[in-house]
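Welcome, and thanks for taking a look at this structure. Please keep the model open while you read the notes.

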Amino acid sequence: PPSADASGPSSSLQPAKLSRAELYKPPTSEELSQLKETEDLFHSSLLRLQIEELLKEVTLKETKKKKIDAFLHEINTLLSAIPETPETELTDQTWLPKGVKVPFLQVPFSVKGRFRFVPPAELKVVGSYLLGTCIKPEINVDVAVTMPQEIFQDKDNLNQRYHRKRALYLAHIAQHFSKEKLFGSVKFAYMNSNHLKPILLLRPQGKDEKMVTVRIHACPAPGLFKPSRFYPNKNNVRTAWFMEQNTPKEGRPPTPHYNNSILCDTVLLSHLHFLSSAATDFPGMKDGLALLKVWLNQRQLSKGLGCFSGFLVSMLVAYLLMKRKIVRMMSGYQVLRSTLQFLATTDLSVTGISLAKDVDSSLPVLDDFHQAFEVVFVDPSGLVNLCADMTASKYQQVQFEAKRSMEILDDWMVDGFQALLMTSKPMLRAFDHVFHLKHVSKLQSTCKKMQLLNELMDRGGNYVAAALPFVVSLLGRGLAGRALLVAHSLPQIPEWPIDAEPPKHKDVGSLTFGLLFDPEFAASTLEKGPQADHPEALDFRTFWGEKSELRRFQDSSICEAVVWKADTICHKRLIPEQIVRHLLKLHADIPESSICYTGALLESVIRTGQEASGTGEEAMVSVICSYDDLSRKLWNLKELPLTVTAVQGVHPALRYTDVFPPIPMKPIYSSHTRMRIKNLLLPSEEKPCPAYIAPLKIICHMEGSGQWPQDKEAIKRIKAAFHLQLAELLHQQHQLVCRPAVTHTDVYKDGYVFRLQVAYHREPLILKEVVTPEGMLKYQDTEESRQLELEILHLPYLTSSLHGLQQQHPVFGSTCRLAKRWVSAQLLSDSISEECVDLLVAFLFLHPAPFTPPSSPQVGFLRFLDLLATFDWKNNPLIVNLNTGLTGEQAIKNKFVAARARLPVMFIATPKDQWSSMWTQDRPSAQVKTSLISLAHLCPILSSTGLFFLQMVFRPPLDFYDVLIHLNPNQIPRHLESVDRPLKSFSRGVVKNSTSVKILFPVVDYDPVQCYLQELRDAFSDLALFFYDKHGGEVIAVLWKPLSFQPQPFKVSNMKGRMVTTLNNELVCVPNVEAILEDFEVLGEGLVKSVEARTEKWTI
């Protein structure tokens, strides 16, 4: 076709005109193979398009490549022009100017050898840039600079001489480059945070500075060292030199990591040739590597000491190609799948792999490598272990992630692309418990305690790298059975300016460890050991120290055992913390003050009562037991005209998601006013408001019968009669105190108040009947019938489904409670329904990809915030597949897209409610949704430091409200539930008690603040919005509605809350703000302390 430029820019938007012959042309072989591949490999053609789009995003554009090539060319010219220096002793570094410091920790300082600078023999680009596999956002180009042979002497392989020469060489280059106008910045960094390997970072000048980082690696002239000197069992660091002692020590421990670091420099170029031969005629390799790198980046596995770097994954793909697990025909997606499959099924910490083809008998064998390193992957030369710095735990994490990813790719219900490549997995959201080692320098004493001198010498004194594998395996052993995964963050050291001292070992910041639990065993209080007379018993005792004791078990065996103290469920969840603190102190000499453990920092906001008690899980269980007992009694009631066919709870406490579960209470009569005639209690005016007693609503379904009337008013009367009869029979047969009303009966049982509501299954249908003017009977949804269906059908179903979810995932309830407490703390509890929050949390447990379902409330809550902040509500429905009752998810999505404009802002579909999203129908409004999302965005910023500013997350920002109404605490019945728990509280006229039978009925469902809010909303809803935290908030926040403040024409019907002024000689009404604020006080007399108008904020 002719080029678009010829016919003007608009032509490119026109649909292409094809002749009939072209239109029906048979597909080419290429198109056929593409169609076939899409059908076989991808779940859908959508996945294919998404992957192609992502690859376009991350690959380098041609124009950028040209700029980078020019930049490299200029570096080459500058390098050859650097002058030589005279030869000096290695320790005499006075020739270096003041503006540059040697990028190497020279400890111990004295070392033999001489150094001079000679310009490099050659400069070669190595690494991913030439292969075309480097991906954005960070474009790094690796350049190897070969140091000439004449600057080296014999024995430079010993005692860090080679490493120090390398550092001096780079320092001299850096000092010259820092004067050049070409560079925007010249800095040092450690290669993969390895202290023995400094590199030089160059970035271009001006606006291109972010475009590319050129990393200069110095490497030795080929043939300089004999490879056999660096086998993994050879020693190249002498103990006497390292310890600065005069007499040589006996025995030379091998120094495999040190040897490996020198060997790496000698094979840079051969690795490049090896990879480029693998990548020829293999376009899928480039795409596959880009996808794998994105996958590693999202999981934070690709940076730091011992990371799974892009280079490593390239070598792995080349290995799979060599072993014919991958063929050159494969597409990028197939390469990704095959590599993940290999990682998921192969444990390199047990069976290493090697790229060396011909077996040379003199070369070390895989077993030699396994003795020296935790993870083994040998390069083509047969000398270098590419995974030398990786810990076994890090590889297990990679393996775990690969297994999880394969499950996701094979699951048709999950959007694999989104989960694998677009979702980042920071440690705080990926692991159930996370703890930080605040002072990394404490690992020095760990090295002493564990006697790791040889490891220290091998790692050039880096005590973090030396101790880390031992600390992790210690934790792994202590948490075996409880934790599926014990992972650690990778030590990372940032780059530094060339005139600064190189960073010390402790500058890696805090080390983070993540624990992922097996929910079944994580909270068990017993650690059972071997029998007392077995030889393993001694080992068990030394491992657990004084915590281990002899115990007799029910099968009459006498065994060593450790019992952890924990009374409540929330304390049991923290048993791993006790284990971690105990083991690190005992075996690694790390004091408790250095460990900052974030397992349950947020749970204090859902604590009930005293600090010692737990977070209300036990209270929930006792409510549900009492409810089960009541439902049995209802089923077996005698003398009822119709039997009870079903009893269903609808209150959140009956599905474990009530933020503060009800506590059994009995009223103190003296705090109330008594009405003698009716035997009732009323709140007393002089005393503080009585404690809030929530009625727990239960639906009683009565059996159908021909005797039920078919008229809606008559049905209501019959139900009222049933309520009276239920009260009478429960009192007669079970001595329960009841208080009947027209719409329900309240039953006081075990200190709780249950509210029974009778339901008749045909009533919603009768409410839908409408008679048309012609006398026809037709059925249509009315507001009344919708409300009733919600109460007697949908809520009980939701409650029983979530009750079941709690049985599968023990932390579901607590996560819901945290989420609701947060929503309420942001003053939004009236703007979004409890059921909506419950479903959002249920989504995290039912569709956790790419994570595993949460096993601690804290990680569940953080993912809830992330879901709110990142879910695309505008274009997607949130599909919560309760009881896996849904199959046609695609149909819901298609219908949703078609009707988007008419649907609520947050659309949640469940199996029983696929099209109407009933829990989000009227609320949240679009404004509330936006503010929820922005508040959720703020929280991770607070928590990204790793330490939660707990109160900050749960404290509402009050600065954007116009008026604050401050309340009087002694009239707030739930004052004790506030986030900052008050130090002293008021006597609320109840005692915690559940046994009494003969009592006067307590005051139920009485919260003066809610009554006041209702009055405010009835009176002023057209002028303002009111926000309140129902869990003990002391402030009602008011926001004016801007539209209602526009002057309106003077009419008598317009005068509510307004006053008349003149504007351009016309009479208009505007809101009378002073009078309204006065009304706020008058309406809430006795409850309102003060009204604070923040006039400086008003834009009226």
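Here is a short briefing on a helix pair, a lysine and the cysteines.

This is a predicted model, in which local features need pLDDT of at least 70 and side-chain atom pairs count only at pLDDT 80 or more, while totals for chains, interfaces and linings use all residues. Residues are numbered from 1 along each chain as its sequence is written, and side-chain values use heavy atoms, with hydrogens and water left out.

**Helix pair**
- Helix α19 (residues 463-478) packs with helix α20 (residues 536-544) at an angle of about 115°, their axes being 12 Å apart; helices are DSSP runs (H or I, at least four residues) numbered from the N terminus, and axes are lines fitted to C-alpha atoms over the stretch in contact, with angles running from 0 to 180 degrees between N-to-C directions.
- Leu 474, Arg 477 and Gly 478 of α19 meet Asp 539, Phe 543 and Trp 544 of α20, where contact means heavy atoms within 4.5 Å.

**Lys 394**
- Lys 394 sits in helix α14 (residues 392-410) and is buried at 4% relative accessible area (buried is under 20%, exposed over 50%, partly exposed in between, with a 1.4 Å probe and protein chains only).
- Leaving aside residues up to four places away in sequence, Lys 394 touches Leu 301, Gly 306, His 488 and Leu 490.

**Cysteines**
- Searching the whole structure gives 0 disulfides, a disulfide being a pair of cysteine sulfur atoms within 2.5 Å.
- Cys 625 is partly exposed at 46% relative accessibility, and its sulfur lies 19 Å from the closest cysteine sulfur, in Cys 700, so it is too far for a bond.
- Cys 689 is buried at 2%, and its sulfur is 9.0 Å from the closest cysteine sulfur, in Cys 1011, also too far for a bond.

Conventions:
Helix = DSSP H or I, 4+ residues; strand = E, 2+ residues; numbered from the N terminus.
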